[in-house]
Amino acid sequence: MSCHRRLSTLGVSLVALAAAGGAVAHEHDGQSPGAPVTSVREYDVPAVRLVRADGKVVSLPEEMNDGRPVVLNFIFTTCGTICPAMSSVFEQFEHRLGTDAATAHLMSISIDPEQDTPERLVEYARRFHAGPEWQHYTGTLDASVTAQRAFGVYRGAKMSHAAVTLLRAAPGKPWLRIDGLVTPDQLVREYRDLLAARSGARPVSSRR
Amino acid sequence: MTACHQALGLACLFVGLAPPCRAAGAAPAAGVGEAIYLRGVTGAGAQLVGTRDDGLVATGVDAACVSCHQRSGLGSVEGRLSVPPITGNYLFHSRDHDGSVSSLPYVESLHGNRDPYDDAKLARAIREGLDSQGRPLGYLMPRFALGDADTAALIAYLKELDVRQVPGVTDTLLHFATVITPDADPVKRAGMLDVLEHFVAEKNSFPFKPSPRMWTSGKTQYSKSMYMANRHWELHVWELTGPAATWRAQLDRHLATEPVYAVLSGLAGSNWSPVHEFCEQQGIPCLFPNVESPVVAERDFYPLYFSKGVLLEAQLVARTLLGDGHPAARVVEQVYRAGDSGEAAARALTAQLAGRGVTVHATVLPAGAAGRAVTLALRKAAMAEDERGRALVLWLRPADLATLADVPAVPETVYISGLMGGLEKTSLPAAWREHTLATYPFDPPDRRGVRAQYALGWFAFRRIQLVAPEVQADTFLACSLLADVLNRMADNFARPFLVEQLQSMLEHRLITGNYPRLSLASNQRFASKGGYVVPLRDPGGKRAESNWIVP
């Protein structure tokens with residue numbers, strides 16, 4: 001664990017240095033952000049137990065594999081910048097899908113589970129007017145880290161996190177990973193394409 | 001900015017922008033700017049509205065500048081996202097001819113690669129999302145629907161955020177205070193002061209040297225002012241006297257005569273509230289005092305604690321008793337001494353158990369009670385006609401726990417506070433240990449490892465006597481964290497920045513003393529979130545990570 005921490009710390013320092021240098025070129029006054037990067041990935045959903053915001057202890061694979069398409073992100077409730085943006089996008093996604101939203105499963109997993117109790121998740125969900133198909137999860141630190149690692153989002157410390165959204169049309173299908181801040185329009189489009197592909201229809205937009 | 005406004009701004013800085021400053025006839029604009037920046041409320045009392053390119057709208061406190069640009073206005077770095085500083089200096093400063101902005105204190109998210117703003121261009125940035133050169137601002141920066149008066153007020157506030165001079169910071173020295181309340185334990189006090197004095201002396205044994213400065217351009221320059229980290233420390237010991245109602249006035253007087261930059265460590269008896277409120281209202285970071293019963297106010301900014309102490313322990317007891325919704329006990333008897341930390345703990349536990357089908361009784365030992373009176377009270381509390389479904393919770397110190405040797409009837413289920421009564425070294429009689437669970441807000445000794453060894457080695461080398469190991473370890477940890485965070489601050493003195501940097505760096509630390517891990521963020525005041533419940537019949541037994549409970 002300490003070895004991981006040291007490596008993570010080094011990694012984080014490098015990322016921070018890169019960010020400080022990179023920040024001059026990106027995401028700043030006068031520069032629009034780079035477009036989000038999409039890629040297709042395979043992930044093994046780890047068999048961890050998480051605690052849902054309603055207090056129920058659940059199995060992550062069971063939550064994810066109930067047949068519904070999944071839209072997944074990782075947040076923490078005291079995050080000031082990235083998480084409110086990502087959660088606003090989920091809120092808008094629900095809004096724009098309208099009645100179709102009920103067939104999706106939006107999942108937000110806390111990367112600060114010791115602070116993010118179920119009560120705090122409920123409060124956070126309320127901030128973004130989460131519908132019943134959007135659930136927030138916490139649990140032990142170990143379970144959260146295992147989930148983060150499984151989806152390639154673990155950065156060692158919550159302040160080092162980045163915006164990532166993951167979509168999967170159905171259990172057994174590959175995941176679409178979107179690195180960067182995706183707009184509601186983009187997310188809705190990617191989601192619809194993904195569902196169309198699942199049912200065999202030709203996707204509306206081409207994908208890399 | 002008028003001279004009047006400037007003077008007001010300076011005065012505000014000296015009292016940390018506390019309400020009294022505004023009350024003293026401040027221009028209306030000052031309050032409005034702050035309300036927009038910190039709370040997302042406009043001059044008319046309406047919710048601030050911020051809109052981003054993709055149509056995402058944030059309102060009120062979710063739109064407030066502070067969320068991204070921080071209380072100090074110096075911005076932050078979150079992963080790959082860099083939020084720039086927006087205090088007046090950073091916005092209005094002209095570029096040097098090599099493109100850098102070398103005379104301003106270094107902040108990680110700083111870039112000077114643009115023309116300076118003026119008031120008009122800044123208003124345009126806030127309302128239309130264009131930078132000083134007309135280019136679109138970063139994607140996350142919203143456009144704000146603000147009228148002229150509100151925009152002017154906000155811009156004035158950004159100029160107020162510039163730090164000109166901070167109390168307790170001189171060219172060569174940083175002044176800190178440690179606060180000790182009159183009911184603090186004398187042995188803990190001595191142990192804490194021993195650690196503080198050694199740490200400060202050692203810090204000051206390093207000679208002054210000029211501070212090199214590096215810029216993103218890779219050039220190195222020697223700073224005109226000395227880095228925070230290189231300054232020497234001066235420690236002021238503020239010993240409070242008399243009743244708690246008088247402490248705030250004493251603290252204000254101390255501050256007036258010996259201005260300090262931050263409050264470091266410190267020691268309470270059962271009450272730290274006046275000190276917490278002093279720090280929050282005066283805008284002074286209050287760094288990890290040794291308190292058993294802290295003030296729980298997650299949305300406060302300046303006070304930081306290692307853990308919730310006995311309040312956490314009460315939550316641990318409640319969590320263990322209530323289990324998975326089926327209470328392990330129907331009746332809980334609590335015992336505490338009036339006026340001691342146990343009183344707050346008992347109150348917290350009663351609140352946790354309210355409405356859960358558990359009856360809670362309390363036996364209160366008067367503050368001065370001793371000898372036979374204590375024995376009788378404890379015997380009464382320990383006895384019960386029906387032991388089933390009953391738990392005894394003792395919020396007592398070692399002296400009272402030792403008295404239990406005269407109480408032969410041991411209940412089935414007993415809880416003690418490890419923080420108050422001691423863990424492995426508790427004076428609880430052997431017959432009682434068999435049935436007792438101790439709550440503990442730290443790692444038990446078998447799990448501490450190198451995280452805690454470091455401090456012990458440090459103490460041993462300097463021949464510091466371990467008279468109060470947990471307090472001394474926590475004091476050393478507070479000093480180390482302060483030293484570390486000053487390293488990150490370059491020559492930036494803003495007090496809120498100290499808190500913000502601590503929040504950013506804390507999670508990366510490997511040496512976390514007696515705590516398994518430490519972590520903070522905005523709206524988080526307690527760095528360690530959980531504890532253990534340890535069966536005393538086998539205190540040294542191996543404990544799995546899964547026994548760590550976060551209530």
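A word on ground rules. This is a predicted model, in which local features need pLDDT of at least 70 and side-chain atom pairs count only at pLDDT 80 or more, while totals for chains, interfaces and linings use all residues. Residues are numbered from 1 along each chain as its sequence is written, with chains lettered from A and ligands numbered from 1 in the order in which they are written.

**The two chains**

Chain B has 20 helices and 18 strands; chain A has six helices and eight strands. Reading chain A from its N terminus, you get α-β-β-β-α-β-α-β-α-β-α-β-β-α.

Now for contacts, meaning two residues whose C-beta atoms, placed from the backbone, lie within 7 Å. Take those in chain B with a separation of 6 or more: 65% are between residues 24 or more positions apart. In chain A, among contacts between residues at least 6 apart, 71% join residues at least 24 apart.

**The core**

The largest nonpolar core holds 202 residues. Such a core is a set of buried Ala, Val, Leu, Ile, Met, Phe, Trp, Tyr and Cys residues joined through C-beta atoms within 7 Å. Helix α19 of chain B (residues 469–488) gives this core its largest share, 10 residues. Val263(B), Ala345(B), Leu394(B) and Trp395(B) have the most contacts inside the core. Leaving out residues up to four places away in sequence, Trp395(B) touches, among others, Val310(B), Tyr336(B), Ala345(B) and Met420(B). As background, nonpolar side chains tend to be buried together in soluble globular proteins.

**Two helix pairs**

In the table, axes are lines fitted to C-alpha atoms over the stretch in contact, and angles run from 0 to 180 degrees between N-to-C directions.

| Helix pair | Angle | Axis separation |
|---|---|---|
| α8(B) and α19(B) | about 30° | 8 Å |
| α9(B) and α10(B) | about 45° | 9 Å |

Angles under 35 degrees count as roughly parallel, over 145 as roughly antiparallel, 65 to 115 as roughly perpendicular and the rest as oblique. So α8(B) and α19(B) are roughly parallel, whereas α9(B) and α10(B) are oblique.

The α8(B)–α19(B) crossing is right-handed, that is, the near helix is turned clockwise from the far one by less than a right angle. Residues making this contact include Met192(B), Leu196(B) and Phe199(B) of α8(B), with Val471(B), Phe476(B) and Cys479(B) from α19(B). By class, eight are nonpolar, three polar and two charged. Here Ala, Val, Leu, Ile, Met, Phe, Trp, Tyr, Cys and Pro count as nonpolar, Asp, Glu, Lys and Arg as charged, and the others, Gly among them, as polar.

The crossing of α9(B) and α10(B) is right-handed too. Among the residues in contact are Trp247(B) and Leu251(B) of α9(B) and Phe278(B) of α10(B).

**A loop phenylalanine**

Phe493(B) lies in the loop between α19 and α20 (495–505) of chain B. Phe493(B) is buried, with 22 other C-beta atoms within 10 Å. Beyond four places away in sequence, Phe493(B) touches Val163(B), Val166(B), Val169(B) and Met228(B).

Definitions and conventions:
Buried ≥ 20, exposed ≤ 12 C-beta atoms within 10 Å, placed from the backbone. Helix = DSSP H or I, 4+ residues; strand = E, 2+ residues; numbered from the N terminus.
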